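Q: Hey, can you walk me through this structure? I'd like to start with the charged pairs and then look at the ligand.

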Amino acid sequence: MVINEIFYSLQGEGFLAGVPSVFVRVAGCPLRCRWCDTKYAWAEEAGRPYSTTEIVEQVQKWPCRFVVVTGGEPMINSDLPQLVRELKAAGKHITIETAGIAYIPDVPCDLMSISPKLSNSVPEDVKLAAAHEDSRLDVAVLGELIDNYNYQLKFVVDSEPDLPEIEQTISRLGNVDSQKVMLMPQAATRDELLAKSPMVADLCKRTGFTFCQRLHVLLWNNQRGA
Ligand code: SF4
């Protein structure tokens, strides 16, 4: 599979925020979100080919049990199940970070970290916007992921009016455990994060959803690979 980067850091987001983790970034994502902070991993060839065994060997360089398979969009890669099986065999705890646009059954991951995309992520380019709208939210796929995996559901909040769309999405899904829902400020820089956090914190107090930190932005201002 084509891997964009493998690096050791802290998990920045979700219920495992702060946990030292090795990140395996799979190349390729068709969504092209407007505010994506990993545009360098969009192209399917944005990296170099690795065998799954080679990836596990690289991961083993760090004395760390937690591995985050991220992207790009790892769930569209047909080699993902084999990679996760080999990482599990090496005793790793696996998080898969996905936009929830594709379902693969029986991947032995410990946490499916799903970030469904709202209309705030639609690209400005008209052609990209049409493709994005077509595939950004697949309720059937999201339902399969939620029903079959231990999950967390992270919604990126750009501004307060995003809340009705989030609530509508949750209600369309029907069987969401609200304790697994997180609201995360849309922020590529530390300044943006600090500016938007109070608004998102207020939404969390109002709804009971959990505030989702972006520790990597807070600590390193989103510096690549930090
Ligand atoms: S789904 Fe994730 S990786 Fe893909 S474009 Fe959107 S933010 Fe970037």
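This is a predicted model: local features need pLDDT of at least 70, side-chain atom pairs count only at pLDDT 80 or more; totals for chains, interfaces and linings use all residues.

Q: Okay, which residue does Arg-224 form a salt bridge with?
A: Its partner is Glu-5, and the closest N and O atoms are 3.1 Å apart. Glu-5 sits in strand S1 and Arg-224 in the segment after helix H7, so the pair ties together parts that are 219 residues apart in sequence.

Q: Is Glu-5 buried or exposed?
A: Glu-5 is buried, at 12% relative accessible area. Arg-224 is partly exposed, at 46%.

Q: And what about Arg-206, where's its partner?
A: Arg-206 pairs with Glu-160, with 2.7 Å between the closest N and O atoms. Arg-206 is in helix H6, while Glu-160 is in the loop between strand S7 and helix H5, 46 residues apart.

Q: Which residues are joined into a network?
A: Glu-13, Asp-37, Lys-154 and Arg-214 are, through salt bridges that share partners.

Q: Switching topic: where does the ligand sit?
A: The space it takes is the largest pocket. Residues around the ligand include Cys-29, Cys-33, Cys-36, Trp-35, Trp-42 and Lys-117.

Q: How many of the shell residues are nonpolar, polar or charged?
A: The shell around the ligand has 7 nonpolar, 2 polar and 2 charged residues.

Definitions and conventions
Residues are numbered from 1 along each chain as its sequence is written. Side-chain values use heavy atoms; hydrogens and water are left out. A residue is near a molecule or strand if one of its heavy atoms lies within 4 Å of it. On a 1 Å grid over the protein atoms alone, a cavity is a set of points where a 1.4 Å probe fits but cannot get out, and a pocket is an open set with protein on both sides within 12 Å along at least five of seven lines; lining residues have an atom within 4 Å of a point. A molecule sits in a cavity or pocket if more than half of its atoms lie within 2 Å of its grid points. Ala, Val, Leu, Ile, Met, Phe, Trp, Tyr, Cys and Pro count as nonpolar, Asp, Glu, Lys and Arg as charged, and the others, Gly among them, as polar. A salt bridge is a side-chain nitrogen of Lys or Arg within 4 Å of a carboxyl oxygen of Asp or Glu. Helices (H or I, at least four residues) and strands (E, at least two) are DSSP runs, numbered from the N terminus. Buried means under 20% relative accessible area, exposed over 50%, partly exposed in between (1.4 Å probe, protein chains only).
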